[in-house]
Each structure stands twice: as structure tokens, then as C-alpha cells.
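Please read it beside the sequence and the model.

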Amino acid sequence: MSRVPPPWPPVEVEQPDRHPDAPAPGSELGVHYAYCFGCGDEIEHGLHLRTEAGEGKTILAQFTVTDAHQGAPGLAHGGLLACAFDEALGATVGQLLRRPAVTAKLETDFLRPVPVGSILHIVGSLDGIAGRKVYASAEGRLDAPDGPVALRARALFVIVEFSHFTEHGRAEDLRAVAEDPSLLRQARFDINP
């Protein structure tokens, strides 16, 4: 029995324009916060996701699966794969709209195993906006941009004010950033903390 997925986005949306200040296609997006588990370079066993701006309303990301990312022996942990998609989709929304947003919902479809040592090539796309709600989706392929599809994800993000992060973040981390701004590797903290 096949299941027909529900329509996406699930509500009527406007097609967002790529912000005029969004990075140019091919631009490396880099690390936004040194201690981000998804892209940070100060987290030894983090995902170290690398992203670049794509054409139109897309970003391109790569995640190399290491021994530290295992769930079952020799295979990536599903939760860490979902985390990689959350990071890639967050970059899609934050970088292309240039607005701070938080994940409200993330659905991940696991289509095939992702072995340790493989590289997951993720393409994230902006799918629409309805008020403060932003809909995005992504597809992950194994070992090459045109490799077999291993995962698909859809997410709902909610646009927030920057104060969301200062009001809800841990005080010691906010103080650390204030004392050492180099922890924010790019001026992206207000875009995709």
C-alpha cells in the first residue's frame, strides 16, 4: 500500500523573494557560532556541516558521517541526520530571507541507510511563507550531488525577534559571546543563531 504524502506547504503561502543581501550563489556560508553542534568548529564530535548559497531559493550543504555519528554499527544515527537537516534548513531560511527564525516542526523521511564514511549532500529550498511561518524542504543524497536519495525533510520555521535569543539563551553563553565576539564566526548570529 503506498501512502500519498500530504501537500506541501500545507497552507496557502506566498513565494518569498531571495533577500537582496542574501549571499551570492556559490558563497561559502561558514560557521555562524563556534559552539553550534550543527556547524561549529569548537565541538569535537559535532556535525561540522558545511554550507554554501545555491541558486534561487536554495542552499547546498555537506555532512560527512564519522564514527562519532553512529547509531547502529557502521550507520549514521537517525537523530543526528535529522539534526543535519535542521541545520541545513535553518541556514536556508536565515541566509536567504535574512530574518531570525526558529524551528517549529521538522519531519524527516529516512529512505535508505547512511553508512559511516559517506558524505550526505543536502539541498535545502524555501517553499513559501505565510505570515511569520516559513516552510522549507530538503533532500539528501549519498556521496554525490546526484547520488541516491537517502533522506527528505520538511520543516516549519517561525520568524522571531532577535530578543528571542537574548531572553531565552543561557546567560553565561551570552556573556561569553559579549566578552569574546570571535565565538560568532560570522555576523550571522542575528540571522541563524
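A disulfide is taken here as a pair of cysteine sulfur atoms within 2.5 Å, and by that criterion the structure holds zero disulfides. The model is a predicted one, in which local features need pLDDT of at least 70 and side-chain atom pairs count only at pLDDT 80 or more, while totals for chains, interfaces and linings use all residues. Residues are numbered from 1 along each chain as its sequence is written, and side-chain values use heavy atoms, with hydrogens and water left out.

**Cysteines**

- Cys36 is in no disulfide, and its nearest cysteine sulfur, that of Cys39, lies 3.9 Å away; Cys39 likewise takes part in no disulfide, with the sulfur of Cys36 as its nearest cysteine sulfur.
- Cys36 is buried at 12% relative accessibility, where buried means under 20% relative accessible area, exposed means over 50% and partly exposed lies in between (1.4 Å probe, protein chains only).
- Cys39 is also buried, with a relative accessible area of 3%.

**Aromatic pairs**

- Rings of Phe, Tyr and Trp (its six-membered ring) are paired if their centres lie within 6.5 Å, with planes under 30 degrees apart counted as stacked, over 60 as edge-to-face and the rest as tilted; this rule gives two aromatic pairs.
- The ring centres of Trp8 and Tyr135 are 5.4 Å apart and their planes stand at 80°, so this pair is classed as edge-to-face.
- Because Trp8 lies in the segment before strand S1 (50–53) and Tyr135 in strand S5 (residues 133–142), the pair ties together parts that are 127 residues apart in sequence; strands (E, at least two residues) and helices (H or I, at least four) are DSSP runs, numbered from the N terminus.
- Trp8 is partly exposed, with a relative accessible area of 26%, whereas Tyr135 counts as buried at 4% relative accessibility.
- Tyr33 and Tyr35 form an edge-to-face pair, with 6.1 Å from centre to centre and 65° between the planes.
- Within that pair, Tyr33 counts as buried at 15% relative accessibility, while Tyr35 is partly exposed, with a relative accessible area of 42%.

**Helix H1**

- The expected span of a helix is 1.5 Å times one less than its number of residues; for the 20 residues of helix H1 (residues 78–97) this should be 28 Å, which agrees with the 28 Å between its end C-alpha atoms.
- H1 is mostly covered, since 16 of its 20 residues are buried.
- Arg98 follows H1 and has a positive phi, near 60°.
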